[in-house]
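Me: I would like to go through this structure and ask what lies behind the terms used for it. Please set each value against its cut-off.

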Amino acid sequence: MILSKLSIGVLASGRGSNLASIIKAVEDGTIQGKIEIVLSDNPKAQALQRAKEAGIPAEAVSRDQFKTKREFETALIRALKERGVELVVLAGFMRLLSPYFIEQFPGRIMNIHPSLLPSFPGLAAQKQALDYGVRYSGCTVHFVDQGMDTGPIILQAVVPVLPTDTEEDLAERILEQEHKLYPKAIALYAEGRLSIEGRRVIIKEGDK
Ligand code: GRF
């Protein structure tokens with residue numbers, strides 16, 4: 001069966017290591033898609049550099065260019081829609097999107113979070129896990145709804161927390177899994193294998 005390629009738009013604010021893993025998965029054919037554009041609210045984001053090096057259009061859209069959040073989000077929406085983006089991928093995008101933005105892409109925005117949701121949403125998830133004393137943490141890919149890290153869960157990976165871990169050690173061990181999990185979730189979406197029923201994401205069996 002020949003599937004048409006999924007048009008992907010990525011929003012990122014910083015380092016862009018997840019973006020790099022997605023670029024690689026698109027290049028090696030794991031994701032049947034094309035990254036049409038990478039947008040960042042931070043003109044200095046390494047993510048923009050990584051996109052350009054991979055030949056992907058990349059644009060900075062700073063919040064302070066606009067009077068209101070709505071105008072800022074309108075600019076993002078326009079850039080994504082102009083490129084025909086079907087799936088919006090948040091990869092370290094540090095701003096909470098408003099219902100106005102989310103309604104433009106219903107069930108078509110994904111995020112990755114460095115904890116096993118619903119534990120430890122929000123900022124510094126790895127520190128939250130260490131401070132709480134859990135033995136296992138991990139990462140979660142989920143669809144975005146109007147809450148903070150509350151949308152339907154697509155995939156999760158479990159990572160042990162070691163007694164000697166610093167926040168950086170744990171973040172690094174989780175990140176290694178993020179780089180496998182996010183491409184996998186996007187590939188499932190691109191193959192049309194994900195559907196949302198209430199809070200649950202149903203994953204259809206593959207052909208193989
Ligand atoms: C990752 O830990 C991701 O889970 C979180 O933000 C971080 C982004 O890292 N949402 P990078 O920019 O992809 O390297």
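Me: What makes the contact between D165 and R173 a salt bridge?
Reply: This is a predicted model, and in it the N to O distance between the side chains of D165 and R173 is 2.7 Å. A salt bridge needs a side-chain nitrogen of Lys or Arg within 4 Å of a carboxyl oxygen of Asp or Glu, so a pair at 2.7 Å qualifies.

Me: Why is the contact of E36 with K34 called a salt bridge?
Reply: The closest N and O atoms of E36 and K34 are 3.5 Å apart. The limit is 4 Å, so this pair counts too. E36 is buried because its relative accessibility is 15%, under the 20% mark. K34, at 45%, is partly exposed.

Me: How many salt bridges are there in the whole structure?
Reply: The search finds six. Among them is one between the side chains of E191 and R193, at 2.9 Å from N to O. E191 is partly exposed, with a relative accessibility of 26%.

Me: Why can such side chains pair?
Reply: Side chains of opposite charge can pair when their charged atoms come close.

Me: What makes E168 an exposed residue?
Reply: Its relative accessible area is 54%. Exposed means over 50%, so E168 is exposed. E168 sits in helix α6, which spans residues 167-190.

Me: Which residues gather with E168 in a patch of negative charge?
Reply: The patch on the surface is made of E167, E168, D169, E172 and E176. Asp and Glu count as negative, so the charge of the patch is called negative.

Me: How do you know that strand β1 is largely enclosed?
Reply: Strand β1 covers residues 6-11, and six of its six residues are buried, so the rest of the structure largely encloses this strand. L6, I8 and V10 point one way, while S7, G9 and L11 point the other way. In a regular strand the side chains alternate between the two faces of the sheet.

Me: What makes β1 and β2 a pair of strands?
Reply: There are six bridges between β1 and strand β2 (residues 33-40), in the parallel sense. Two strands pair if there are at least two bridges between them, so six are enough. Within this pairing, V10 stands opposite V38 in β2.

Me: What is said of the phi of F120?
Reply: Phi of F120 is near 55°, a positive value in a residue other than glycine. F120 is in the loop between β5 and α5. With a relative accessible area of 13%, F120 falls under 20% and is therefore buried.

Me: Where is D149, and what is its phi?
Reply: D149 is in the loop between β6 (136-143) and β7 (153-160). Its phi is positive, about 60°, although D149 is not a glycine. At 14% relative accessibility, D149 counts as buried.

Me: Which residues does a cis peptide bond join?
Reply: The bond joins L117 and P118, with omega about 10°. P118 lies in the loop between β5 and α5. Most residues other than glycine have a negative phi, and most peptide bonds are trans.

Notes. Residues numbered from 1 in each chain as written. Predicted model: local features only at pLDDT ≥ 70, side-chain atom pairs only at ≥ 80, totals over all residues. Heavy atoms only, no water. Patch = residues over 30% accessible without salt bridge, like charges linked within 9 Å, V, L, I, M, F, W, Y side chains within 5 Å. Areas by Shrake-Rupley, 256 points an atom, 1.4 Å probe, with all protein chains shown as cover. Charge placed at Lys NZ, Arg CZ, Asp CG, Glu CD. Helix = DSSP H or I, 4+ residues; strand = E, 2+ residues; numbered from the N terminus. Buried < 20%, exposed > 50% of the residue type's maximum accessible area, 1.4 Å probe, protein only.
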